[in-house]
Amino acid sequence: MKDNRPRETGSVSRSPGSSPIIEIDSNSGFCFGVVTAIDKAEAELSRGEKLSCLGDIVHNASEVERLRLRGLQTITHEDLARLTDSTVLLRAHGEPPTTYEILRKNHNRVIDATCPVVLRLQQRIKQAYDKAREEVEEGVRKEMPLILIYGKEGHAEVNGLVGQTEGNAVVIQGPEALDALDLDRDILLYSQTTKSLAGFRSIVEAIRERKRGGTFEYFDTICRQVATRSEKIKGFASSHDTILFVSGAKSSNGKVLLEECRKVNPRTYAVTDIGDLRAEWLEGARKIGICGATSTPAWLMEEVAEKARAIYGQ
């Protein structure tokens, strides 16, 4: 079984002469939710069982391909209606209730790898929605509150969160989205777990400034393991001459962290696999840093480090 967990300390290569130091960021790599999902998939595959994953198990093409070669099939939501008597893994992002209903109706076995942080958020939103609906039915409340989710429209996790409200929650990606909403209703605000704290706070302040009536409750539901990576990765990037940022093209978290690196180190280069690495990127660098997103496997960062060492004949 692959060890997908980040190392406790960075991998450092020191060679005499002109060879640079090549270091892997110990804080980069899979978050615990992704590690758990992949561990569950590998445990099932190791028993020789057929296994399908609803969507890419992680937003990294290299890791998806590694698991495909072990037998993991990736399916889409369009495939669900005709899938029967199969075993399906639900990835860390989570799914709406309708997904579970379809899988159960068609006699499929479910391996639920929803991240515990996401699962708690789903339950929290569902409980609030169900309570409000009961209060409306009993006449305690005149109308349903406006449930807002700060997140990326169409993101798998966000789809799962909206599903807890029967599709009635409104997804907002920034303060500008508030212009089209009635903010004088009662408001409940939640956040996708992987969004930035600064972005969430800007939404809170924008609502406070504009609100003239109704109540406003907001819940900081951002995963700290992910949220703290921004500052940590900027510290890592600023302490190296050149940064090789390893991430899949589909990773939202990767895009954000890549830009954080570039803010403090203009010699930051995006790498999806070792084929992207260019020798000229490393010219003149005495200290090369390799880091990545929460969807970047440790083994892939190691491969990039080995390729960098090979360029210098280490």
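Buried means under 20% relative accessible area, exposed means over 50%, and partly exposed is what lies in between. Keep those cut-offs at hand for this tour of a predicted model.

**Stop 1: an aromatic pair**

Select tyrosine 269 and tryptophan 281. Their ring centres are 4.6 Å apart and their planes stand at 5 degrees, so the pair is stacked. Tyrosine 269 has a relative accessible area of 22%, so this residue is partly exposed. Tryptophan 281, at 17%, is buried. Now colour by element. Tyrosine 269 sits in strand S12 (residues 268–271), and tryptophan 281 sits in the loop between S12 and strand S13 (287–292), so the contact ties together parts twelve residues apart in sequence. The structure holds four aromatic pairs. Next, pick Phe200, Phe216 and Tyr218, which form one aromatic cluster.

**Stop 2: the parallel sheet**

Four of them make an open sheet, ordered S4-S3-S5-S6, with parallel pairing. Strand S4 (72–75) and strand S6 (109–112) are the edges; each has a single partner strand, so one side of each has no neighbour in the sheet. On average, neighbouring strands here are turned by 30 degrees against each other, direction ignored. Zoom in on S5 (residues 87–90), which pairs with S6 over four bridges in the parallel sense. Valine 88 stands opposite valine 110 in S6. H3 lies across S3 (51–54), S5 and S6, and runs at about 170 degrees to S5.

**Stop 3: salt bridges**

The count of salt bridges comes to 21. Start with aspartate 56 and lysine 250, whose closest N and O atoms are 2.9 Å apart. Aspartate 56 is in the loop between S3 and helix H2 (61–69), while lysine 250 is in the loop between strand S11 (242–246) and helix H9 (252–264), so the bridge ties together parts 194 residues apart in sequence. Aspartate 56 is buried at 17% relative accessible area. Lysine 250 is exposed at 55%.

Move to lysine 234 and glutamate 260, a salt bridge at 3.5 Å, N to O. Lysine 234 belongs to helix H8 (residues 229–238) and glutamate 260 to H9, so this pair ties together parts 26 residues apart in sequence. Glutamate 260 is buried, at 11%.

Stay on H9. Glutamate 259 and arginine 262 meet in a salt bridge at 3.3 Å, N to O. They are three residues apart in H9, about one helical turn. Glutamate 259 is partly exposed at 39%, and arginine 262 is partly exposed at 34%.

Note on methods. Residues are numbered from 1 along each chain as its sequence is written. This is a predicted model: local features need pLDDT of at least 70, side-chain atom pairs count only at pLDDT 80 or more; totals for chains, interfaces and linings use all residues. Side-chain values use heavy atoms; hydrogens and water are left out. Two strands pair if DSSP finds at least two bridges between them. Helices (H or I, at least four residues) and strands (E, at least two) are DSSP runs, numbered from the N terminus. Axes are lines fitted to C-alpha atoms, for helices over the stretch in contact, and angles run from 0 to 180 degrees between N-to-C directions. Contact means heavy atoms within 4.5 Å. Rings of Phe, Tyr and Trp (its six-membered ring) pair if their centres lie within 6.5 Å; planes under 30 degrees apart count as stacked, over 60 as edge-to-face and the rest as tilted. Buried means under 20% relative accessible area, exposed over 50%, partly exposed in between (1.4 Å probe, protein chains only). A salt bridge is a side-chain nitrogen of Lys or Arg within 4 Å of a carboxyl oxygen of Asp or Glu.
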